[in-house]
Amino acid sequence: MKTTSLLFAAAVLMPTLASAADYNLGGLAKANKIEVFNRKIDQTKSGSSEAVFLSAAPNDGLAWITGVELSEGTIELEIKGKNEQGRSFVGIAFHGQDNRVFDAVYLRPFNFQAAEQERRSHAIQYISMPEHDWSELRKSYPGKYEFAITPAPDPDAWVRLKLVVKGKNVAAFVDGSDKAALTVELLNDRLKGKVGLWVGNGSDGWFKNLKIIPASN
């Protein structure tokens, strides 16, 4: 196990990924290879040595994987939030420049199976910070950067989120579906940056089984 943990730690010291890499998030947290902003990692609540739990706090929180940058490619991650309306926003940050400048795709589990169609249509969201948060996008471009997920996942279960980033575009796939739940054009010219975990205002969340596959040159 020590050898495996060291291999994971060594992988994240690479400035830019050259090949596919799997990450034991619990092992990285133990090795202090996750850079947390406005949250705390609490492994007593992670439920697994391979997962991490990010605590709740006001405003957005981030947990960057130390040393990893991605331009184009695929990011896969298992995420678990809660079926508590307005209190569970969990996702993936990418093309991060710092704790204020990044893109993200995230889930609202409490909307997955909501009775109201309008709420279900807000199940998955793209944002481009700091200029374009969810409220600005919903007001200016209703229905363009957030969508329903079909079939709707269990809001209290682990959900696999896969992002495919290519040029100025990102597509998001949920739970192995071959049909994208979200496809958008990025709202900025950032084509490279950090990769991390993201939680929204007042939210906590569980994360495990991160895999990053850079696009072949």
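**Close-up views of rings and strands**

**View 1. F89, Y106, F110 and W198 gather in one aromatic cluster.** Rings of Phe, Tyr and Trp (its six-membered ring) count as a pair if their centres lie within 6.5 Å; planes under 30 degrees apart are stacked, over 60 edge-to-face, and the rest tilted. This is a predicted model, in which local features need pLDDT of at least 70 and side-chain atom pairs count only at pLDDT 80 or more, while totals for chains, interfaces and linings use all residues. Residues are numbered from 1 along each chain as its sequence is written, and side-chain values use heavy atoms, leaving out hydrogens and water.

**View 2. Seven strands make an open antiparallel sheet, ordered β2-β4-β13-β6-β7-β8-β9.** Strands β2 (34–37) and β9 (146–147) each have a single partner, so one side of each lacks a neighbour in the sheet. Strands are DSSP runs of E with at least two residues, helices runs of H or I with at least four, numbered from the N terminus; two strands pair if DSSP finds at least two bridges between them. Six bridges join β7 (residues 102–107) to β8 (residues 124–129), with V105 facing its bridge partner Y126 in β8.

**View 3. The whole structure holds seven aromatic pairs.** Among them, W64 and F102 have ring centres 6.2 Å apart and planes at 75°, so they meet edge-to-face. Both W64 and F102 are buried (under 20% relative accessible area, with exposed over 50% and partly exposed in between; 1.4 Å probe, protein chains only).

**View 4. K80 sits over the face of W206, 4.0 Å from the ring centre.** Here NZ of Lys or CZ of Arg must be within 6 Å of the ring centre and within 35 degrees of the ring normal. K162 lies over the face of F173, at 5.2 Å.
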